[in-house]
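My notes follow the order in which I checked them.

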Amino acid sequence: MNSKKIKAKEFLTNNGKSVAQIVALPEKGMLRLYIAWENEPAAKDGFMGFFKSRILVDRITTEAIEQTKNFGVDIAHLPECQKIFKALF
């Protein structure tokens with residue numbers, strides 16, 4: 001995971017995983033999920049990893065969020081990361 005330092009200090013933590021933001025953008029009539037998350041210790045230090053879903057979904061579900069967190073495409077190094085998660089930087 002390529003984590004980046006963020007300015008935002010607010011995130012939710014559950015089972016040791018912290019989520020700062022979830023974004024759902026329309027794509028081909030469905031949704032692409034983008035999630036900023038990190039393990040709790042790194043999140044407390046101000047770092048987050050940034051991922052997009054590998055597949056399009058028709059609705060936001062816990063399963064889709066977990067799938068994106070665990071198997072999503074790391075976008076921290078891409079310009080789209082700063083655009084999508086600009087509120088965190």
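These entries cover the strands, then one methionine, then the salt bridges.

Entry 1. I note at the start that this is a predicted model.

Entry 2. I began with the pairing of strand β3 (residues 17–27) and β4. The two run antiparallel and are joined by ten bridges. I looked up Leu25 as an example and found Arg32 as its bridge partner in β4. The hairpin of β3 and β4 has two residues between the strands, and Lys28 takes a positive phi near 55° there.

Entry 3. I then followed β4 to its pairing with β5. Four bridges join β4 to β5, again in an antiparallel arrangement. Here Ile35 has Phe51 as its bridge partner in β5. I also checked how covered strand β4 (residues 30–39) is: seven of its ten residues are buried, and I put it down as mostly covered.

Entry 4. Next I picked Met48, which sits in strand β5 (residues 47–52). Its relative accessibility is 0%, so I counted Met48 as buried.

Entry 5. How many salt bridges does the structure hold? I found five, and I wrote up three of them, as below.

Entry 6. Glu27 forms a salt bridge with Arg32, with 2.8 Å between the closest N and O atoms. Are the two ends buried or exposed? Glu27 is partly exposed at 27% relative accessible area, whereas Arg32 is buried at 11%.

Entry 7. Arg59 and Asp58 meet through their side chains in a salt bridge, at 3.3 Å from N to O. Arg59 is exposed at 52% relative accessibility, and Asp58 is exposed at 56%.

Entry 8. Glu66 and Lys69 form a salt bridge at 3.1 Å, N to O. Both are in helix α2 (residues 62–71), and because they are three residues apart, about one helical turn separates them. Glu66 is partly exposed at 31% relative accessible area, while Lys69 is buried at 7%.

Technical notes:
Residues numbered from 1 in each chain as written. Predicted model: local features only at pLDDT ≥ 70, side-chain atom pairs only at ≥ 80, totals over all residues. Heavy atoms only, no water. Salt bridge = Lys/Arg side-chain N within 4 Å of Asp/Glu carboxyl O. Buried < 20%, exposed > 50% of the residue type's maximum accessible area, 1.4 Å probe, protein only. Pairing = 2+ DSSP bridges.
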